[in-house]
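Let's take a walk around a ligand and the space it sits in. Have a look at the structure first, and then we'll go through it step by step.

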Amino acid sequence: MKLIIAYIQPHVLNEVKQELYKSEVYKISVTNAMGCGQQKGYSEHYRGVEVEVNLLKKMRIEIAVNDTFVQPTIDAIIRGARSGEIGDGKIFVLPIEQCIRIRTGDTGTNAIG
Ligand SMILES: Nc1ncnc2c1ncn2[C@@H]1O[C@H](COP(=O)(O)OP(=O)(O)OP(=O)(O)O)[C@@H](O)[C@H]1O
Ligand SMILES: [Mg+2]
């Protein structure tokens, strides 16, 4: 079981979702995020208050999958999100210790799928 976290440009979310659906990945969590990558953010002082500049709006998507779905999920995100320009985003893959469906008590791969 892996947790796939991706930061993508907000305007490609629908395209990414469509590509995920084509790969039969339907479960997803999405939140608004602010971030910067290797182009770096910086902070400056405005009227005595430190403010972050250059933190850009991103969407953070989280998808927990069984192992056979890891690569198809990554491929779908890339198909939907890649423009070839800087800021296209980044994908992180993390191990999942456990997953529990609250309603049934199902655990592990049964709960994720
Ligand atoms: N190492 C990181 N740790 C945490 N978040 C990151 C990291 N790298 C990127 N992100 C998040 O992903 C978003 C998109 O990153 P981005 O695509 O700009 O990566 P990059 O490494 O700068 O690549 P590129 O040169 O293609 O822009 C960032 O705004 C940030 O929210
Ligand atoms: Mg960048």
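Which residues around ligand 1 come nearest? There are 13 residues around it, and Gly35, Gln38, Gly87, Gly89 and Lys90 come nearest; a residue is near if one of its heavy atoms lies within 4 Å of the molecule. Keep in mind that this is a predicted model, where local features need pLDDT of at least 70, side-chain atom pairs count only at pLDDT 80 or more, and totals for chains, interfaces and linings use all residues. Residues are numbered from 1 along each chain as written, chains are lettered from A and ligands numbered from 1 in the order written, and side-chain values use heavy atoms, with hydrogens and water left out.

Now for the polar contacts (pairs of N or O atoms within 3.5 Å). An oxygen atom of ligand 1 is 2.6 Å from a polar backbone atom of glycine 87, and glutamine 38 puts a polar side-chain atom 2.7 Å from a ligand oxygen.

Next, the space itself. Ligand 1 takes up the largest pocket, meaning that more than half of its atoms lie within 2 Å of the pocket's grid points. A pocket is an open set of points on a 1 Å grid over the protein atoms alone, where a 1.4 Å probe fits, with protein on both sides within 12 Å along at least five of seven lines; lining residues have an atom within 4 Å of a point. Of the 17 residues in this lining, Cys36, Gly37, Gln38, Gln39 and Gly87 are the closest to the centre.

Notes
A polar contact is a pair of N or O atoms within 3.5 Å; within protein, one must be able to donate a hydrogen and the other to accept it, and residues adjacent in sequence count only if both atoms are side-chain atoms.
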